[in-house]
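Please open the model in your viewer and keep a selection panel at hand. The stops below are arranged so that each selection leads on to another.

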Amino acid sequence: MIERSRAVLLMHLDFIGSFIFAADQVWIWLAAYCFVLASAYSAYTLFAGKFMAPRLTFGLVVAGFVCQTIFLGIRGHAVGRCPITNFCELLTFLSWSMILIYLAIGSSYRLSLLGVFTTPFASLLSIWALFQPEPQAVPVKHPVNPWLEAHTSFSIVACGAFALAGLAGLMYLIQERQLKTRRPSSVFFRLPPIRTLVVANSRLLWLGFGLFSIGLGTGFMIGQDVDWLKVAWSLVVWALYGGILLARSRRSMAARWVATLSIIVFGLLLSMFWGIRFISEVPPVR
Amino acid sequence: MNISCFGLSHQTASVEIRERFAIADFALPDALLRLRAIEGVEEGLIVSTCNRTEFYVAGGVSQLPPARFFEDFYSGLRLGDEPHFYGLWAERCVHHLFRVVSGLESMVVGETEIFGQVKRAYESAVREKATGRRLNKLFQKSFHVGKQVRSSTAVGRGSISVGSVAVDLAEQIFGKLEGCKIMVLGAGDTSEKMARSFKTRGARQIFVSNRSFDRAQLLAQETGGRAIHFEEWEREFADLDILVTSTSAPHAIVTVEKIAPVLRHRGDRPLFMIDVAVPRDIDPKVHRLDGVYVYDLDALQSMAERSMEARKQEIVGCDRLIAKHVVEFQNWVEKSANPMTNPGACLAPAFAKPTGAASCEAD
C-alpha cells in the first residue's frame with residue numbers, strides 16, 4: 001500500500017517536473033506578469049498621489065525575480081552551462097541581473113522608489129524575451145569553458161548595473177528638471193532626493209565598470225575564435241563608461257551630464273546587444 | 001436625530017466678535033454646567049478655539065433659533081450679534097462636525113491642530129459627565145472620520161508656508177539636513193524663521209552673517225549656529241550647501257561671477273539658494289548654472305499657494321467620504337432609537353467608552 005502510494009507520488013512529481021521543464025517559458029510569463037503588475041501599481045500610486053504600499057511592490061518584484069531564477073535554473077540545467085545561449089536567455093539574464101542589483105542596493109540607499117523605474121524596464125525585457133524566435137534550450141556540445149562562463153555572466157551582470165545607473169540618471173534628470181522649472185509636482189516629493197540619486201548613479205557606474213572590466217578581461221582568456229567586432233564594440237563601451245567616470249572623478253563634468261550620458265551609453269549598449277547578432281560574422285559560442 | 005450645533009466661526013464673525021464668545025479652558029467646567037442647565041439640553045459639549053466657538057447638544061433644543069440659544073447661554077447679546085450665529089441640526093450638524101474635525105472648515109484647509117482641540121474639548125466634556133450615548137458616539141465617530149480623511153486623501157499634504165516649502169525643497173535636494181552646511185545672510189524676520197525651520201528639521205551647521213554682528217550673534221545663539229562677520233561670508237561659501245539671503249542690499253550680492261569659480265571645486269554637490277530679500281540678493285542668472293537652484297520669495301509663495309489649491313481640490317473627495325459616514329451615523333441613530341431592531345443598543349453601546357464617560361443610563 002505504502003509502496004503504491006510512493007509510486008503514485010513519484011509519478012505525479014515526475015509529471016509536474018516534466019511539465020515545468022517542458023514549459024519553462026511559463027516562468028518568464030509569470031515574471032513578466034509580476035513586473036507589469038508592480039509597474040502599474042507603482043505608476044498609479046506615484047502619479048495619482050496615493051499612498052504606496054511598498055511591501056506590495058517589493059513582494060511582486062521578489063516574486064518576479066524568483067520566477068526568473070527558476071527559469072534560468074531550468075535552462076542552466078538543460079543546456080549544461082550558464083544560460084546565455086540565445087537572445088531570450090540573454091534578455092532574461094540581463095533583467096535578472098538588474099533586479100538582483102536593485103534588491104541588493106534598493107533598500108540600503110533608500111532608493112525603494114527606484115523600483116518604480118526598474119519594474120517597467122524589467123517588464124519590457126521579459127516581454128521582449130518571450131517574443132524571441134529561438135526560445136528553446138539547446139544542450140551544450142563542447143566541454144564547458146570556465147572563462148566563457150565568467151566572461152558572459154560578469155558582462156551581463158555589469159549591464160544590469162549600467163541599466164540601474166541609467167534609471168537612477170533618468171530619475172535625477174526628472175528631479176533636476178522640476179527644480180529648474182521651479183514648479184515641482186507631487187511626483188518630485190515622492191522620488192528620492194537629488195543628492196542620493198547622484199551618489200547612487202555614480203556607485204552603480206563604478207560597480208558596472210568594475211564588473212565589465214572583469215568580463216572583458218576574462219573574454220580574452222576564452223581561447224576560441226575571436227569576434228573582433230564584438231571586441232571593438234565592448235572596448236568602445238568600456239572606454240565610454242571609463243571616460244564618464246574619469247570626468248566625474250576629476251569634477252570636470254556636471255551631474256546632469258553624467259546622468260544624461262549614463263542613459264545614452266546604456267541605450268547604445270542595449271541596441272548593440274540586439275544589433276550585433278545581425279552584423280557579427282562569428283556565430284554565438286555554444 | 002435630535003443633535004444640534006450652535007456656533008460662530010471665522011467664516012461668520014470677525015476676530016473682535018469671536019473673542020467675546022470664546023471660552024477659556026479653565027472656564028470650560030462651569031460653561032458645561034451652564035450648558036446642561038439650558039432647558040431641553042440632555043448632553044452638551046463645547047468646542048472653543050481661536051477660530052470657532054461651537055456648542056454641540058443632544059436633546060430637545062433642535063429647532064431653537066441660534067440667537068435664542070446664545071441668549072440663553074451668554075445672556076446679554078449686543079445689537080448686531082445675531083447674523084454671526086448659525087444653527088445646524090441632525091445630519092447637517094453631523095456633517096459639519098466631521099468637516100471640522102477633518103480640518104475642512106479651518107482657516108488653513110487640512111490643518112491638523114483642530115483635531116487635537118476637538119479631542120481635548122471632548123475629553124473635558126466626558127470628565128464633567130456632560131456627554132451621553134449620542135454625543136459619545138458622534139465624537140468618537142468624528143475622530144475616526146478625521147483620521148480616515150487625512151490618511152486616504154491629500155488634504156493635509158504639501159507645505160503651505162514659505163518657510164516649510166523651502167525646508168521641504170532642501171530635504172528633497174539633500175535628503176537629511178544633518179550634514180548640510182547652511183548660511184543665513186541677513187538676520188531679518190523671514191530668515192530667522194527659516195533658520196529655525198532648518199534647525200527643527202535637524203540642521204546642525206548654521207552660520208549667520210549680518211551687517212550688524214550683534215544681531216548675527218543673537219540669531220546664531222537662538223539656532224545653535226555660529227556668527228560670522230559680514231566681510232567673511234564669501235570665504236565660507238566653498239563648502240556651503242544651503243544659502244538663505246535676506247539682506248537689504250540695493251543690488252545682487254551673489255552673482256554668476258562670484259559663484260562660477262566656487263562651483264568648479266564642488267563637484268556634483270548641489271547648491272540650494274533661498275532668496276527672501278526684496279530687492280533680490282541673488283542674480284537670477286545664477287539659477288541657470290548646473291547644480292544650482294535659486295528660489296526667490298515669489299517661487300516659494302507660488303508653491304505654497306499651489307499646495308493650498310491642491311488641498312482645496314481634495315475637499316470634494318473628502319466630502320464624499322464624510323457623506324458616507326454621516327449615513328452610517330444616521331443608521332446607527334435609527335437602529336438605537338428602535339429597540340426591536342437593536343435590543344441591546346440602549347444597554348450596551350457599540351462604541352468604546354472612555355474612562356469617565358457618561359453611562360448609557362445617564363441619558
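Helices and strands are DSSP runs numbered from the N terminus, a helix being H or I over at least four residues and a strand being E over at least two. This is a predicted model, in which local features need pLDDT of at least 70 and side-chain atom pairs count only at pLDDT 80 or more, while totals for chains, interfaces and linings use all residues. Residues are numbered from 1 along each chain as its sequence is written, chains are lettered from A and ligands numbered from 1 in the order in which they are written, and side-chain values use heavy atoms, with hydrogens and water left out.

**Stop 1**

Select B:Ala90, which lies in helix α4 (residues 90-101) of chain B. The phi of B:Ala90 is near 45 degrees, a positive value in a residue other than glycine. Most residues other than glycine have a negative phi, and most peptide bonds are trans. B:Ala90 counts as buried at 17% relative accessibility, where buried means under 20% relative accessible area, exposed over 50%, and partly exposed in between (1.4 Å probe, protein chains only).

**Stop 2: chain B as a whole**

Of its 363 residues, 54% count as buried. Taking contact to mean heavy atoms within 4.5 Å, 71% of the contacts in chain B between residues at least 6 apart in sequence join residues at least 24 apart.

**Stop 3: a cluster of rings**

Select B:Phe6, B:Phe21, B:Phe55, B:Phe69, B:Phe70, B:Phe73, B:Tyr74, B:Phe85 and B:Trp89, which ring pairs link into a cluster. Rings of Phe, Tyr and Trp (its six-membered ring) pair if their centres lie within 6.5 Å, and planes under 30 degrees apart count as stacked, over 60 as edge-to-face and the rest as tilted. By this rule there are 29 aromatic pairs over all chains. One of them joins B:Phe55 to B:Phe73 in a tilted arrangement, at 4.6 Å centre to centre and with 55 degrees between the planes. Because B:Phe55 lies in strand β3 (residues 52-59) of chain B and B:Phe73 in helix α3 (residues 66-74) of chain B, this pair ties together parts that are 18 residues apart in sequence. Both B:Phe55 and B:Phe73 are buried, the relative accessible area of B:Phe73 being 3%. B:Phe73 also pairs with B:Tyr74, and here the centres are 4.9 Å apart and the planes at 75 degrees, so the pair is edge-to-face.

**Stop 4: two loops of chain B**

Move to B:Ile253, in the loop between β8 (242-245) and α10 (256-263) of chain B. B:Ile253 is buried, with a relative accessible area of 9%. Leaving aside neighbours within four places in sequence, B:Ile253 is in contact with B:Leu185, B:Trp233, B:Thr247, B:Lys258 and B:Asp281. B:Arg280 is 27 residues from B:Ile253 in sequence, and their C-alpha atoms are 8.7 Å apart in space.

Next select B:Pro279, which lies in the loop between β9 (271-275) and β10 of chain B. The peptide bond from B:Val278 to B:Pro279 is cis, with omega near -5 degrees.

**Stop 5: where the chains meet**

Show both chains and select the contact between them, which takes 30 residues from chain B and 27 residues from chain A. The area buried here is about 2,300 Å², of which carbon and sulfur atoms give 49%; buried area is the accessible area (1.4 Å probe) that two parts lose on being put together, summed over both. B:Gln172, B:Asp268 and B:Tyr293 supply 28% of the area that chain B buries against chain A, more than any other three residues.

Which residue of chain A forms a salt bridge with B:Asp268? The partner is A:Arg248, with the closest N and O atoms 2.3 Å apart. A salt bridge is a side-chain nitrogen of Lys or Arg within 4 Å of a carboxyl oxygen of Asp or Glu, and the count between chain B and chain A is three. On the side of chain B that touches chain A, the elements that give two or more residues are α7 (162-174), β10 (292-296) and α11 (297-313) of chain B. The largest share, six residues, comes from α7(B).

**Stop 6: a loop in chain A**

Finish at A:Arg182, in the loop between α6 and α7 (194-219) of chain A. The phi of A:Arg182 is near 65 degrees, again a positive value in a residue other than glycine, and A:Arg182 counts as partly exposed at 22% relative accessibility.
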